[in-house]
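Hello,

Here is the structure we talked about handing over. Please open it alongside this note; what was found comes after it.

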Amino acid sequence: MLADKLRKSVLQSAIQGKLTEQLATDDKVEDLLQAIKKEKELLIKEKKIKKQKPLPKITEEEIPFEIPENWKWVRLGEIGKIIGGGTPKTTNLEYWQNGKIAWITPADMKNIKGKYISCGKKNITLLGLEKSSAQLLPKGSILFSSRAPIGYVAIAREEVSTNQGFKSIVPFSLNLSLYLYYVLLGMVDIIKKLGTGTTFKEVSGSVVEKILVPLPPLAEQKRIVEKLDNVLANIEKLKSSEEKLSILQKNFPDKLKKSILQSAIQGKLTEQLATDDNVEDLLQAIKEEKERLIKEKKIKKQKPLPEITEDEIPFAIPENWKWVRLGEVILLNMGQSPNSEDVGNDGIEFHQGKIYFTDEIIGFSDKYCSKPKKISNANEILLSVRAPVGEVNLNNREICIGRGLASIKIINSEERYFFYLLFYCKKIFEKKSTGTTFKAISKDIIENLLIPLPPLAEQKRIVEKLDKLLADIEELKI
């Protein structure tokens with residue numbers, strides 16, 4: 001995202017001295033370093049910290065970029081104490097129960113907003129602190145996650161402790177906290193390269209204390225912090241806008257697809273032509289085909305379906321279309337699961353419930369049935385009737401179907417794809433499902449479904465139009 005790139009660029013400019021003006025009125029950075037040295041000596045004298053070994057001198061080869069003349073490169077260990085963390089024994093309740101000391105892990109740092117952190121999901125007790133390697137960090141300490149992952153940064157708003165996933169910095173002068181927070185943010189990529197390990201990368205305390213940081217005078221540090229507070233707040237707004245735009249872009253093709261499908265089934269996508277056959281002719285042909293199949297005892301005579309009332313009709317359709325119940329124009333075959341002993345590696349391919357897609361054709365199952373009870377044939381539409389309800393797919397081969405599926409054969413229509421899109425668009429089956437343990441739909445619900453039926457010629461035009469439009473929409477997906 002542009003916001004993330006811009007954030008990195010601004011932080012880099014800030015720690016290179018390019019974001020603010022260097023003023024002749026600023027104190028010398030050597031004065032700041034001398035004050036830090038005195039503070040450090042006082043802490044050693046008061047036995048609050050131990051005297052550390054001298055850190056290596058900075059070489060020209062180590063310096064990663066140029067800084068202004070009145071700045072100076074220093075090692076992090078020169079201006080702050082590096083402190084690790086620890087985890088009290090989790091099985092000892094005395095270390096955790098009713099704890100008052102904030103105990104922070106890298107996971108707690110993942111989604112914090114702003115610069116500060118004051119607590120994590122868990123607290124520890126004073127005994128837990130004393131009996132582990134966790135340490136109490138003062139307000140103003142900079143928490144830096146040193147593993148899993150390297151690079152989360154925050155300032156302690158109150159006294160806190162951490163687990164072992166940190167190498168926190170307690171500045172010898174707390175005036176440095178805000179500036180060092182931004183420095184570490186700007187140098188995360190450099191620090192990550194210093195990590196070692198196989199399972200996950202980690203930076204040790206000895207590595208962290210040797211990290212080079214560019215140090216300006218205090219007055220300029222303050223200007224840098226003020227500038228970054230303002231600029232990064234605006235970048236955060238940009239990021240939020242980018243994320244919203246990204247979601248819109250991601251969802252737009254699907255919303256457009258639904259809108260186009262809805263227009264198609266309302267007769268708004270294609271032109272109604274006077275040359276089209278009357279839809280009543282199509283319904284008469286379907287009726288005659290059903291009567292023939294009944295006479296030949298290939299299907300049973302069905303009960304008459306309820307008359308359609310005005311209250312049921314969800315939207316207006318063209319005059320040469322007609323509202324019908326689905327059961328009038330299809331043959332419905334509800335699945336029935338075979339006996340468990342008949343399911344194995346031999347026989348006909350078996351699908352129990354969820355339909356797997358492969359370019360709008362049902363994917364292959366790894367189960368087979370030697371004695372199928374119900375079969376779906378090629379050129380029929382498959383519908384999932386339970387757990388979940390309403391998924392549709394096209395079938396291109398003979399398969400055995402279990403109780404989770406129904407197979408729909410369109411009578412006297414070459415355009416089964418029109419009906420497939422109709423079912424896909426309306427999602428009406430899911431809305432009509434019932435049940436508590438899982439949702440399901442019955443044979444009656446399917447057959448009573450109200451659908452808009454155009455003449456066969458317009459069904460073909462709708463499919464042709466949708467084929468092109470839906471292909472174009474697929475190309476919009478990111």
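Strand 3 (residues 101-104) pairs with strand 5 in the antiparallel sense, over three bridges. Within that pairing, Ile 101 stands opposite Ile 124 of strand 5. The sheet they belong to is open and has three strands, in the order 5-3-8. Its pairing is mixed. Strand 5 (122-124) and strand 8 (161-162) are the edge strands, each pairing on one side only. Please keep in mind that this is a predicted model.

Next, the helices. Helix 6 (residues 177-186) is largely enclosed by the rest of the structure, because nine of its ten residues are buried. The buried residues in helix 6 include Tyr 179, Tyr 181 and Tyr 182. Leu 180, Leu 184 and Leu 185 are also among them.

Helix 9 (residues 218-265) and helix 15 (residues 456-476) have axes that come within 9 Å and cross at roughly 170°. The two helices are therefore roughly antiparallel. On the helix 9 side, the contact uses Phe 252, Pro 253, Leu 256, Lys 257, Ile 260, Leu 261 and Ala 264. They meet Ile 462, Leu 466, Leu 469, Leu 470, Ile 473, Glu 474 and Leu 476 of helix 15. Sorted by type, the residues of this contact are twelve nonpolar, no polar and two charged.

Now the cores. The largest nonpolar core has 51 residues. Leu 326, Val 329, Phe 419, Phe 423, Phe 429, Ile 446 and Leu 466 touch the most other members. Helix 12 (residues 416-426) gives this core its largest share, seven residues. A second, separate core has 47 residues, including Ala 3, Val 10, Leu 32 and Ile 235.

What does Val 329 contact, leaving aside its neighbours within four places in sequence? The list includes Leu 283, Ile 286, Val 324, Ile 410, Ile 411, Phe 419, Ile 451 and Leu 453. Lys 290 and Lys 409 are in contact with Val 329 too.

Last, a loop residue. Pro 56 sits in the loop between helix 2 (29-45) and strand 1 (72-75). Is Pro 56 buried or partly exposed? Its relative accessibility is 38%, so Pro 56 counts as partly exposed. Not counting residues up to four places away in sequence, Pro 56 touches Arg 75 and Lys 210. Pro 56 and Gly 344 are 71 Å apart in space, C-alpha to C-alpha, and 288 residues apart in sequence.

Best wishes

Terms used: Residues numbered from 1 in each chain as written. Predicted model: local features only at pLDDT ≥ 70, side-chain atom pairs only at ≥ 80, totals over all residues. Heavy atoms only, no water. Buried < 20%, exposed > 50% of the residue type's maximum accessible area, 1.4 Å probe, protein only. Helix = DSSP H or I, 4+ residues; strand = E, 2+ residues; numbered from the N terminus. Axes fitted to C-alpha atoms, helices over the stretch in contact; angles between N-to-C directions. Parallel < 35°, antiparallel > 145°, perpendicular 65-115°, else oblique. Contact = heavy atoms within 4.5 Å. Nonpolar A, V, L, I, M, F, W, Y, C, P; charged D, E, K, R; others polar. Core = buried A, V, L, I, M, F, W, Y, C linked by side-chain atoms within 4.5 Å. Pairing = 2+ DSSP bridges.
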